[in-house]
Amino acid sequence: NRAQQSLIQLAFSDDQDVLDLLAGQATPGLFTDPFLRQIWERVYPLLKAGAKLDAATTIEQLEAEEERAFLSQVLMGAEKSASNLMLAVDCLVALHRDLLQQKIEVQRQELRQAEKAGEAPPLELLSEVTRLQSDLAGLEGKFQAFRATAGHGSA
């Protein structure tokens, strides 16, 4: 949840590189915590539209008092940092990795079930596991350009 909370904090950043990265890569599907996903589902469309998020306005627009209190607390804990882009990249890599690992595990369980039933594993299932493992292996490379930008930004 820490990475998910950090992405919510970063959505209120003044750093346009961070906002662009989140708008392009931080889809609601990465958020596994239902409560945090609910908040992100309200914030994400605004990021995609290029809107500058205002903390007070966003908090006011949340329906549940629990959401408002939580977002207030999260945003108060946000630190202004020159390494916001690197933090965003690290969080996104961690969340994408978790999501891919979960998908791989589900596919592997299906393969084990087929094996226990004495069936040949479906070819599409094997190719899906291979594709997911390839995506996982290439995850760091997918974000390498952002890491390079973040490294230059803090130098």
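Guide: A residue is called buried under 20% relative accessible area, exposed over 50%, and partly exposed in between. Keep in mind that this is a predicted model.

Visitor: Is E63 buried or exposed?

Guide: E63 is exposed, since its relative accessible area is 65% and the cut-off is 50%.

Visitor: Which residues are linked with E63 in a network of salt bridges?

Guide: R42 and E67 are; together with E63 they make up a network of salt bridges.

Visitor: How many salt bridges does the count come to?

Guide: Eight.

Visitor: Which residue does R97 form a salt bridge with?

Guide: With E140, at 3.1 Å between the closest N and O atoms. R97 sits in helix α6 (residues 84-116) and E140 in helix α8 (residues 139-142), so this pair ties together parts 43 residues apart in sequence.

Visitor: How accessible are R97 and E140?

Guide: R97 is partly exposed at 30% relative accessibility, and E140 is partly exposed too, with a relative accessible area of 33%.

Visitor: What about E105, which side chain does it meet in a salt bridge?

Guide: R112, at 2.7 Å from N to O. E105 is partly exposed with a relative accessible area of 33%, and R112 is partly exposed at 41%.

Visitor: Moving on to rings. How many aromatic pairs does the structure hold?

Guide: Three. In one of them F31 and W40 are stacked, with 4.9 Å from centre to centre and 15° between the planes. Both of these residues are buried.

Visitor: How are the rings of W40 and Y44 arranged?

Guide: Their centres are 6.2 Å apart and their planes are at 35°, so that pair is tilted. W40 and Y44 are four residues apart in helix α3, which means about one helical turn separates them.

Visitor: What are the relative accessible areas of W40 and Y44?

Guide: W40 has 0% and is buried; Y44 has 11% and is also buried. F31, W40 and Y44 form one aromatic cluster.

Visitor: Switching to α7. How many residues has it, and how far does it reach?

Guide: Helix α7 (residues 123-137) has 15 residues and reaches 21 Å from its first C-alpha to its last, close to the 21 Å expected.

Visitor: Which residues of α7 are buried?

Guide: L125, V129 and L132. Looking down the axis of α7, these buried residues fall within an arc of 65°, so they line one face of the helix.

Visitor: What do they pack against?

Guide: The buried residues of α7 pack against α6.

Visitor: Which exposed residues does the face turned away carry?

Guide: On α7, the face turned away from the buried side carries L123, E124, T130 and A137.

Visitor: Last one, S6. Where does it lie, and is it buried or exposed?

Guide: S6 lies in helix α1 (residues 2-10). It is buried, because its relative accessible area of 7% is under the 20% cut-off. Leaving aside neighbours within four places in sequence, S6 is in contact with L87 and C91.

Terms used: Residues are numbered from 1 along each chain as its sequence is written. This is a predicted model: local features need pLDDT of at least 70, side-chain atom pairs count only at pLDDT 80 or more; totals for chains, interfaces and linings use all residues. Side-chain values use heavy atoms; hydrogens and water are left out. Helices (H or I, at least four residues) and strands (E, at least two) are DSSP runs, numbered from the N terminus. Buried means under 20% relative accessible area, exposed over 50%, partly exposed in between (1.4 Å probe, protein chains only). Contact means heavy atoms within 4.5 Å. A salt bridge is a side-chain nitrogen of Lys or Arg within 4 Å of a carboxyl oxygen of Asp or Glu. The expected span of a helix is 1.5 Å times one less than its number of residues. The arc is that of the directions from the helix axis to the C-beta atoms. Rings of Phe, Tyr and Trp (its six-membered ring) pair if their centres lie within 6.5 Å; planes under 30 degrees apart count as stacked, over 60 as edge-to-face and the rest as tilted.
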